[in-house]
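Please take a first look at the protein shown below. The report after it goes from the overall fold to single residues.

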Amino acid sequence: QTNFTFEDTLSQIGMGYTFLFLLGLRSVSVQWAALVVLLAAYWAAWALYPLPGPDFDYAKVGVAADWQHHATGLAAHWNKNSNLGAAFDRWFLNLFPREKPFEFNGGGYLTLSFIPTLGTMLLGLIAGGWLKSQRLGLHEKIRSLVIAGVICILLGLLIHWLGICPIVKRIWTPSWTLFSGGLCFLFMAAFYTIIDVWNFKAWSFPLVVIGMNSIAIYSLVHLIDHFIEQSIKIHFGTGITKIFGDAFAPSLSGTYTLAIFWLILFWMYRRKLFLRI
């Protein structure tokens with residue numbers, strides 16, 4: 001039976017893309033205004049949603065009552081599976097045919113996270129607009145990216161430290177949208193400076209191979225990553241991942257798997273095979 005779920009990455013992007021397209025036709029000032037309204041309204045909806053009462057059964061939503069990550073105060077409105085997004089999913093996802101009623105997502109992921117994810121997409125839209133702009137010079141583009149990055153990071157951290165909105169990646173809180181978006185602005189500024197301004201490009205070829213087939217690598221990771229990992233262990237033994245001890249075994253396993261995926265993408269790159277939508 002079809003499992004109707006909308007918290008995965010592609011669903012989140014898909015649900016926000018129509019709105020992003022419409023905003024892409026507007027000015028940068030309108031895009032910034034839309035971002036502010038979007039995140040502020042989303043934050044307010046969560047902050048105003050009632051906290052669970054003293055008799056709330058956390059076990060029914062897959063969370064221990066004494067879980068160490070439970071926040072207090074205003075931040076408690078974002079606690080796992082006892083928040084607005086979880087309540088929405090208990091209503092929304094049960095509108096679809098299911099083998100048994102939906103009660104909670106084990107990882108705490110939520111359908112409504114597509115709204116702040118749209119905020120992240122808006123930040124990317126703004127960054128792309130700056131880079132494509134004919135009115136801005138090279139240094140103006142870099143300065144805009146750096147200033148926006150620093151402001152977003154500081155603002156995200158500030159509202160987290162003040163307890164106004166916690167930084168939680170898994171449910172893509174507004175503070176995380178700002179913090180992570182700020183980091184991406186700075187990475188974009190750095191890459192743009194090194195590659196486009198200084199024209200130092202040769203080092204980035206491995207990234208180009210992956211970036212030219214981003215859909216292919218995304219599909220490969222979700223389809224055959226376990227097969228690749230198991231094949232490495234079968235052919236080379238488990239010792240190959242434990243060279244630096246058990247603590248680094250997952251990292252080494254991931255590195256080997258990524259290397260094999262890259263070779264597949266390099267084969268596609270050499271033959272000009274690129275997956276597009």
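Two residues are in contact when they have heavy atoms within 4.5 Å of each other.

## Basis of the report

This is a predicted model: local features need pLDDT of at least 70, side-chain atom pairs count only at pLDDT 80 or more, and totals for chains, interfaces and linings use all residues. Residues are numbered from 1 along each chain as its sequence is written, and side-chain values use heavy atoms, with hydrogens and water left out.

## Overall fold

The protein has nine helices and zero strands. Both kinds of element are DSSP runs, numbered from the N terminus: helices are H or I with at least four residues, strands are E with at least two. Read from the N terminus, the order is α-α-α-α-α-α-α-α-α.

The C-alpha trace spans about 60 × 55 × 40 Å along its principal axes. Of the 277 residues, 35% are buried. Buried means under 20% relative accessible area, exposed means over 50%, and partly exposed lies in between (1.4 Å probe, protein chains only). Among contacts with a separation of 6 or more, 70% join residues 24 or more positions apart.

## Helix H5 and its cover

Does the span of H5 agree or disagree with its number of residues? At 1.5 Å a residue, its 24 residues should span 34 Å, and the end C-alpha atoms are 35 Å apart, which agrees. The expected span is 1.5 Å times one less than the number of residues.

H5 has buried residues, including Lys-141, Ile-142, Cys-152 and Ile-159. Two glycines, Gly-149 and Gly-156, are also among them. The cover over these buried residues includes helix H4 (114–132) and H6.

## H5 against H6

Helix H5 covers residues 138–161, and helix H6 covers residues 174–197. Their axes come within 7 Å and cross at roughly 155°. That makes H5 roughly antiparallel to H6. Axes are lines fitted to C-alpha atoms, for helices over the stretch in contact, and angles run from 0 to 180 degrees between N-to-C directions. Angles under 35 degrees count as roughly parallel, over 145 as roughly antiparallel, 65 to 115 as roughly perpendicular, and the rest as oblique.

The H5 and H6 crossing is left-handed. A crossing is left-handed if the near helix is turned anticlockwise from the far one by less than a right angle, and right-handed if clockwise. The contact of H5 with H6 has 20 nonpolar, five polar and one charged residues. Here Ala, Val, Leu, Ile, Met, Phe, Trp, Tyr, Cys and Pro count as nonpolar, Asp, Glu, Lys and Arg as charged, and the others, Gly among them, as polar.

## H2 against H6

H6 also meets H2. The two axes come within 9 Å and cross at roughly 145°. H2 brings Trp-32, Leu-39, Tyr-42 and Trp-43 to the contact. H6 brings Pro-174, Thr-177, Leu-178 and Phe-185. By class, that is seven nonpolar, one polar and no charged residues.

## H8 against H9

Helix H8 (residues 214–236) packs on helix H9 (residues 249–270) at an angle of about 125°, with the axes 9 Å apart. That makes H8 oblique to H9. Their crossing is right-handed.

Ile-217, Leu-220 and Ile-224 are among the H8 residues in the contact. From H9, the contact includes Tyr-256, Ile-260 and Phe-261. The contact divides into 13 nonpolar, two polar and two charged residues.

Asn-81 is in the loop between helix H2 (28–48) and helix H3 (84–92). Its phi is near 60°, a positive value in a residue other than glycine. Is Asn-81 buried or exposed? At 2% relative accessibility, Asn-81 counts as buried. Thr-72 has its place in the loop between H2 and H3, but at 67% relative accessibility Thr-72 counts as exposed.

Trp-172 is in the loop between H5 and H6. Trp-172 has a positive phi near 50°.

## Phe-205

Phe-205 lies in helix H7 (residues 205–211). At 30% relative accessibility, Phe-205 counts as partly exposed. Which residues does Phe-205 touch, not counting residues up to four places away in sequence? Phe-205 touches Trp-262, Phe-266 and Tyr-269.
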